[in-house]
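Q: Hi! Could you walk me through this one?
A: Happy to. Here it is.

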Amino acid sequence: RRGPPDAAPKRTPPSLSTTTTTMAAAGDEPTPPAPAAVAKTTEPSVIAKTNSTNLNADAPAFVPGGDSGTGLAATEDTDESDVISRLPNAHKMMLRQHFMAANGECITYYVGRLKSYNNQNGFGFIDCKQSKEAWGVDVFIHKNFVPQPWNIGQPIEFAVTLNGRGQPQAVDVNWLPRLPEAPKPGAIRVPQGPPAAVGRPATPGGGVVATGSACTGGTGDPAGSAAATTASAHRAPVQKKVERYIGTLKSYSVAQGYGFVACEELFQSHKRDVYLDRSQVPTEGWRLGMCLEFGTTLNQKGNPQARSVVWDPIPLVPGMSGAQGTAPAADQRVFSSATLSKVKKLLGHLNDPNEQREVAVVTAIDFQGVTSAKDSDEADRDIDYVAFVLDRLGDNMADAASCLKDFVKMLLLLMIAKMLRGQHMLERSKALISWFKVLTETINPHSDNVAAHFKDVTQQIHGHVETALRDNLAFADKAMAQMLSDANRRLADKSV
């Protein structure tokens with residue numbers, strides 16, 4: 001692991017963003033002037049005060065106010081925004097240094113200093129060399145992340161999320177103690193131990209802490225998050241994979257604009273329900289006890305907040321009844337614990353960093369194709385587990401299909417053909433036909449465990465497809481019917 005970057009060669013006046021300039025004009029706290037350059041001369045009177053047993057003929061000349069081990073040098077070659085290189089060892093020991101993102105990537109925190117803050121406006125800006133190299137502007141910090149009291153110039157360790165305009169904003173903030181004042185000429189500097197290891201600076205967007213695709217910062221308090229942070233962090237390049245959860249809406253207050261989601265997995269790890277703010281709630285159609293799928297981000301206290309919420313994420317098989325023999329209205333549906341357990345298991349496979357997509361597909365086919373006597377009384381029988389998994393394999397169907405063995409492709413083709421017989425929803429039928437086409441084009445009928453069964457299975461598939469084309473009203477669309485017929489014909493040709 002590389003250490004911190006070398007200091008910039010020569011400090012040039014930083015160019016403030018338009019927002020920063022406007023804020024300073026509004027009566028913001030003034031930025032303290034940069035320390036004056038110190039003449040590099042040797043003071044005999046100072047050296048005389050040093051214990052003679054510590055003298056070394058090879059030691060460099062002493063420079064009053066210079067760097068003697070504390071990392072607080074303030075010479076004309078020091079970039080004031082490069083806070084890491086100026087931190088004393090005691091401060092470096094307090095750094096968290098890095099965190100593990102949901103995709104398993106190790107992300108390094110940024111370190112900067114509070115450049116300006118306005119109590120009346122409730123926001124300020126952080127000066128940080130590494131983040132400015134990435135985005136070219138100072139980092140916005142909302143009042144939710146500013147303690148009382150705060151001090152201009154105080155060092156801060158933080159992660160970054162981006163607003164709708166792609167501008168950096170601080171989240172997951174760690175405030176360090178104020179830096180000690182530079183010693184006056186003639187003072188004795190006590191040497192410190194070896195400096196703590198500091199990781200390399202994060203890459204652009206590398207400070208994002210959201211595990212959902214829309215991180216807003218904030219603290220989870222009823223007042224909500226900063227208006228400027230309602231944009232998505234999904235633009236950050238490090239967000240390769242987001243862990244998702246299933247929960248139920250436990251409470252929500254329209255007047256206060258927040259509520260909580262019950263999620264067993266997150267409650268076990270955080271000992272609390274998941275905070276849900278108004279930005280994640282639709283204006284209508286929600287109700288208490290409703291099932292939802294979501295990602296999470298952590299506020300500055302480490303408490304989970306729901307992000308990128310999908311309401312009613314569990315698809316149903318048309319024309320089938322639930323566990324009680326009836327099919328309640330969509331806005332009144334409450335799923336059984338057995339159903340939620342199965343859906344969570346599928347989501348767990350999809351969240352697996354080892355890419356367990358094939359396992360998720362096989363498990364979904366098993367859930368949907370086989371119903372045990374025990375499940376018949378406990379689980380809902382009209383859940384479309386296969387559609388749930390296919391919807392989450394990504395937009396690139398060919399890429400997702402390449403991760404499946406040919407035997408699994410054959411099973412999935414048979415299941416999709418059965419589903420098309422009763423699937424009357426136009427958009428769902430289009431998606432299933434697209435999957436059928438991709439699987440038909442990519443399956444190898446001569447591979448192991450496929451060759452011996454391929455001809456019989458394709459005959460079954462052909463029968464289901466013919467029934468779907470005849471009975472499914474969705475195939476009144478001639479283009480859809482033609483696409484399915486062509487794919488079915490290609491599959492039959494491979495069985496010859």
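Q: Before we get to details, how many contacts join residues at least 24 apart in the sequence?
A: Among contacts between residues at least 6 apart in sequence, 70% join residues at least 24 apart, where contact means heavy atoms within 4.5 Å.

Q: What kind of model is this, and how is it numbered?
A: This is a predicted model, in which local features need pLDDT of at least 70, side-chain atom pairs count only at pLDDT 80 or more, and totals for chains, interfaces and linings use all residues. Residues are numbered from 1 along each chain as its sequence is written, and side-chain values use heavy atoms, with hydrogens and water left out.

Q: Thanks. How many helices and strands are there?
A: The protein has 14 helices and 12 strands. These are DSSP runs numbered from the N terminus: helices are H or I with at least four residues, strands are E with at least two.

Q: And how much of the protein is buried?
A: Of its 496 residues, 48% count as buried. Buried means under 20% relative accessible area, exposed over 50%, and partly exposed in between, using a 1.4 Å probe and protein chains only.

Q: Now the helix packing. At what angle do helix 12 and helix 14 cross?
A: Helix 12 (residues 426-442) and helix 14 (residues 478-494) cross at roughly 25°, and their axes come within 9 Å. Axes here are lines fitted to C-alpha atoms, for helices over the stretch in contact, with angles from 0 to 180 degrees between N-to-C directions. That makes the two helices roughly parallel; the classes are under 35 degrees for roughly parallel, over 145 for roughly antiparallel, 65 to 115 for roughly perpendicular, and oblique for the rest.

Q: Which residues make that contact?
A: On helix 12 they include Leu 426, Ile 433 and Phe 436, and on helix 14 they include Met 480, Leu 484 and Leu 491. By class, the contact has eight nonpolar, four polar and five charged residues. Nonpolar covers Ala, Val, Leu, Ile, Met, Phe, Trp, Tyr, Cys and Pro; charged covers Asp, Glu, Lys and Arg; the others, Gly among them, are polar.

Q: What about helix 11 and helix 13, how do they pack?
A: Helix 11 (residues 406-422) packs against helix 13 at an angle of about 20°, with the axes 8 Å apart. That makes helix 11 roughly parallel to helix 13. Among the contact residues are Met 410 and Leu 414 of helix 11 and Phe 454 and Ile 461 of helix 13. The contact divides into 10 nonpolar, three polar and two charged residues.

Q: Switching topic: which peptide bond is cis?
A: The one from Gln 148 to Pro 149 is cis, with omega near 0°. Pro 149 sits in the loop between strand 5 and strand 6 (155-162).

Q: I spotted Lys 271. What is its phi?
A: Lys 271 has a positive phi of about 60°, although it is not a glycine. This lysine is in the loop between helix 5 (264-270) and strand 10 (274-277), and Lys 271 counts as exposed at 63% relative accessibility.

Q: And Asn 449, buried or exposed?
A: Asn 449 is exposed, with a relative accessible area of 59%. Asn 449 also has a positive phi, about 70°, and lies in the loop between helix 12 and helix 13 (454-471).

Q: Last one: where is His 349, and what does it touch?
A: His 349 is in helix 6 (residues 337-351) and is buried, with a relative accessible area of 19%. Leaving aside neighbours within four places in sequence, His 349 is in contact with Gln 356, Val 359, Ala 360 and Thr 363.
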